[in-house]
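Please look over the sequence and the model below before reading on. The briefing is arranged by topic, so that each group of points can be checked against the structure.

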Amino acid sequence: MPRIRVCAYNEVPEGGLKKVKVDEQSIAIYKLSGAIYATSNVCTHEGCFLDENHVIHNDLVECICHGSQFEIKTGHVVLPPAVVSLPIYKVEVIGDEIFLDK
């Protein structure tokens, strides 16, 4: 599976997220305790963009549009109204760069 460079490691704030675009998909890249994770940047409840409407609580991202919360590492819903998990993506840090499996 081809890998695509999405950003530099230091572009993602610790405890925060950075939005990237891969093809037409909006993806959120997170840094938690130095580890990198990736989910869809689009909340599964009503399509709000997480990079514009979020609060991160430890390893959860909350979409502040309607309060849905998701596990960043797995994408699983932990607090409705969303009922569908966020799609997750496999990421790899090579040197100072972050790559996503496409």
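This is a predicted model: local features need pLDDT of at least 70, side-chain atom pairs count only at pLDDT 80 or more; totals for chains, interfaces and linings use all residues.

Residues are numbered from 1 along each chain as its sequence is written, and side-chain values use heavy atoms, with hydrogens and water left out.

**Cysteines**

- A disulfide is taken here as a pair of cysteine sulfur atoms within 2.5 Å, and by this rule the count comes to one disulfide.
- That disulfide links Cys 48 with Cys 65, with an S to S distance of 2.2 Å, and the link is left-handed, with -115° about the S-S bond.
- Cys 48 sits in the loop between β4 (35-40) and β5 (54-57), whereas Cys 65 sits in the loop between β6 (60-63) and β7 (69-71), so the pair ties together parts that are 17 residues apart in sequence.
- Burial is judged by relative accessible area, where buried means under 20%, exposed over 50% and partly exposed in between, with a 1.4 Å probe and protein chains only.
- Cys 48 is buried because its relative accessible area is 17%, whereas Cys 65, with 29%, is partly exposed.
- Which cysteine sulfur is closest to that of Cys 43? The closest one belongs to Cys 63, and because it is 3.9 Å away, it is too far for a bond.
- Cys 43 counts as buried at 5% relative accessibility, and Cys 63 likewise counts as buried, at 2%.

**Strands and their pairing**

- Strands (E, at least two residues) and helices (H or I, at least four) are DSSP runs, numbered from the N terminus, and two strands pair if DSSP finds at least two bridges between them.
- An open sheet of three strands has the order β1-β11-β10, and its pairing is antiparallel.
- The edges of this sheet are β1 (3-8) and β10, each with a single partner strand, so one side of each is left without a neighbour in the sheet.
- On average, neighbouring strands of this sheet are turned by 35° against each other, direction ignored, where the axes are lines fitted to C-alpha atoms, for helices over the stretch in contact, and angles run from 0 to 180 degrees between N-to-C directions.
- Strand β10 is joined by four bridges to the antiparallel strand β11 (residues 97-101), and Val 91 has Leu 100 in β11 as its bridge partner.
- Elsewhere, six bridges join β2 (residues 17-22) to β3 (residues 25-32), which run antiparallel, and Lys 21 stands opposite Ser 26 in β3.

**Residues with positive phi**

- Most residues other than glycine have a negative phi.
- The hairpin of β2 and β3 has two residues between the strands, and there Asp 23 takes a positive phi near 55°.
- Asp 23 is exposed because its relative accessible area is 56%.
- Ser 33 also has a positive phi, near 50°, and lies in the loop between β3 and β4.
- At 75% relative accessibility, Ser 33 counts as exposed.

- Val 93 lies in strand β10 (residues 91-94) and is partly exposed because its relative accessible area is 38%.
- Leaving aside residues up to four places away in sequence, Val 93 touches Tyr 9, Ile 36 and Ile 98, where contact means heavy atoms within 4.5 Å.
- The C-alpha atoms of Val 93 and Ala 28 are separated by 15 Å, and the two residues are 65 residues apart along the chain.
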